[in-house]
Amino acid sequence: PCMEELDHLVLLGLMTVLFTICSLPLIIRAYMGAFATDFNENADLSALRFLSVNSIVDPWVFIIFRTSVFRTFLRRVCRR
């Protein structure tokens, strides 16, 4: 049971970090647009594309890190 809880915690942490990294450019662009007159459409589009990467990558991260392969990898790393 303890190893399974650790798997869930690592998965949750990884997905949280991924979401934060993907959404940060959009948040920065929103604040820049609110407090400064910055009309850089290319930067806005790049931020939106970066955010869309999250919805593409999240299912893959979930699939990969929920398998027994990840547990085997984690056990080998923890032994060293």
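This is a predicted model: local features need pLDDT of at least 70, side-chain atom pairs count only at pLDDT 80 or more; totals for chains, interfaces and linings use all residues.
Local features require pLDDT of at least 70, side-chain atom pairs count only at pLDDT 80 or more, and totals for chains, interfaces and linings use all residues. Residues are numbered from 1 along each chain as its sequence is written, and side-chain values use heavy atoms, with hydrogens and water left out.

**Helix α1 and the annotated segments**

Helix α1 spans residues 2-35 and contains Tyr31; helices here are DSSP runs (H or I, at least four residues), numbered from the N terminus. The UniProt record, an unreviewed entry, places the feature "transmembrane region" at residues 9-31 and 51-74. UniProt positions follow the numbering used here, feature names are shortened, and annotations may be inferred rather than shown by experiment. Residues 9-31 are 100% helix and 0% strand (strands are DSSP E runs of at least two residues). The end C-alpha atoms of that segment are 31 Å apart.

Ile21 is also found in helix α1. Between Ile21 and Phe50 there are 29 residues of sequence separation and a C-alpha to C-alpha distance of 8.8 Å.

**Accessibility**

Residues are classed as buried under 20% relative accessible area, exposed over 50%, and partly exposed in between (1.4 Å probe, protein chains only).

| Residue | Relative accessible area | Class |
|---|---|---|
| Cys22 | 3% | buried |
| Ile21 | 47% | partly exposed |
| Tyr31 | 53% | exposed |
| Cys78 | 55% | exposed |
| Phe35 | 70% | exposed |

**Aromatic pair and nonpolar patch**

One aromatic pair is counted, under the rule that ring centres of Phe, Tyr and Trp (its six-membered ring) lie within 6.5 Å. The ring centres of Tyr31 and Phe35 are 6.1 Å apart and their planes meet at 5 degrees, so the pair is stacked; planes under 30 degrees apart count as stacked, over 60 as edge-to-face and the rest as tilted. Both residues lie in helix α1, four residues apart, about one turn of the helix.

Tyr31 and Phe35 also belong to a nonpolar surface patch with Leu24, Ile27, Ile28 and Met32, and together the patch has about 640 Å² of accessible area. Patch residues have over 30% relative accessible area and no salt bridge, with nonpolar side chains (Val, Leu, Ile, Met, Phe, Trp, Tyr) joined within 5 Å. A salt bridge is a side-chain nitrogen of Lys or Arg within 4 Å of a carboxyl oxygen of Asp or Glu. Areas come from the Shrake-Rupley method with a 1.4 Å probe.

**Cysteines**

The disulfide count is zero, with a disulfide taken as a pair of cysteine sulfur atoms within 2.5 Å. Cys22 is buried, whereas Cys78 is exposed.

How values were computed:
Patches are made of residues with over 30% relative accessible area and no salt bridge: like charges are joined within 9 Å, nonpolar side chains (Val, Leu, Ile, Met, Phe, Trp, Tyr) within 5 Å.
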